[in-house]
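Dear colleague,

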Amino acid sequence: MLTREENELLTKVGPGTVMGEFMRQYWVPALLSSELPEPDGDTLRVRLLGEDLVAFRDSQGRVGMLGAHCPHRGAPLFYGRNEEGGLRCVYHGWKFDVNGSCLEMPSEPPETNFTDKIRQKSYPCRERGGVIWTYMGRLTPPPPLPELEWNLVPDENRYLAKRVQYCNYAQALEGEIDQSHVSFLHAPAHQLKAEVIERPGDVDLWRKKDTHPRFYAVDTECGVLIGARRDIDGQNCYWRITQFLLPFYTMTGPYGENPTRHSRMWVPMDDETTMLIASTFHPLRPLTEKEIGRMRAGSGAGFVGAENFLPPNSEPGGAWRPKARKENDFFFDRKLQKSKFFSGIPEFWAQDAGVQEGMGPIYDRTGEHLGTSDIGIIRFRKRLLEVAKACRAEEVPPPGVLEPHLYRVRGAAAVLPKDADWLEATKEIRKLIPGVNPSAPGR
């Protein structure tokens, strides 16, 4: 349980807030590169950490991320003319480049030097891994990009998806690092009553037999490592190990031989809205058409499916609003709850979003009652609050900002003897080792 003050520190991300200023010291994944497909193309409204911005790709292919309103008299730059190396406000013709410099001011007499005195708010952008990253922090020059595995592999090895979730980033992220809910929220309707049929290497069976995993959490140089242990028999245990990486990245353990892997980014748009960017990738090979087709159809925690979004609009995140939403109870169905889905919600991702959004936009953590299965959640909150407050007090870059190699880690899964040291036994499979992709239990 957090105090009211701690809950506000954790959840408030706007300019000037402790958590907001902390997160601004990291590169923020803002858009997919495909959302700005061509030079001099359409502008996009963007909201990041409580700030309204406008993004565009200029004549040279460079990405600009500017404050949403012209510094002249506040007209929206979303309507701007993207042409000849800059974005021109349609109200009085002021024109700005990707760095925020005022290039032209045709409404002013030519003898004035007013253009030299005006600068629009702008944030530097870089592209890597199919993502447009923006830096909103205080370091000049900006720090290096984080060396997350998914943004180091070839494009054909990776698939990216997005969706808006209408709640605070923390309660969305906390669902990702909580392995105990998988035995219930994502289970079949008769999970608790079904007969247990023994099948070797069956992770679903292990989750059915042991619905109360034992949790362990340790701080890492750049986040928290969370281990969830389920008993298989008297001698062995199934471990699924999740990485939380500052400030909002997660990596869960994979399944199967030579597995695909997952990484997710829980990017705060504002205090009450989160943009999830999900990456599925294979370290060694291109993704198959079958794998990509399954994700495009909607599969798993991050993938709504191309046909399952509302018609796009021009608001921030307007292309990524799922049809299943709070207003229609995420298509909750009592008949399905009795016959097919434990939750009664048919889409996998919506099972998570439904309960998380149902807590309210910002959950009041002063009223919760945490148990031993919440050890990872507790440590995540403490770690994030500790580093955010230290960043404010010491005014030094927080962990990982200047050490991009700290992101060269993986989520992991393994079957280990009951008396094994899980940290030591999984040390190698939690490393990003080029050319190596350890297998994991399950399909």
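Two strands pair if DSSP finds at least two bridges between them, and the strands (E, at least two residues) and helices (H or I, at least four) are themselves DSSP runs, numbered from the N terminus. Please keep in mind that this is a predicted model, in which local features need pLDDT of at least 70, side-chain atom pairs count only at pLDDT 80 or more, and totals for chains, interfaces and linings use all residues. Residues are numbered from 1 along each chain as its sequence is written, and side-chain values use heavy atoms, with hydrogens and water left out.

With those terms in hand, you can find an open sheet of 4 strands in the order β5-β6-β7-β8, with antiparallel pairing. Its edge strands are β5 (81-83) and β8 (102-104), each of which pairs on one side only. Between β5 and β6 (residues 86-88), which run antiparallel, there are 3 bridges, and Asn82 stands opposite Leu87 in β6.

Helix α7 (residues 348-357) is largely enclosed by the rest of the structure, because 8 of its 10 residues are buried. Among them are Trp349 and Glu357, and the buried residues of α7 pack against β11 (158-165) and α3 (169-176), where contact means heavy atoms within 4.5 Å.

With kind regards

Technical notes
Buried < 20%, exposed > 50% of the residue type's maximum accessible area, 1.4 Å probe, protein only.
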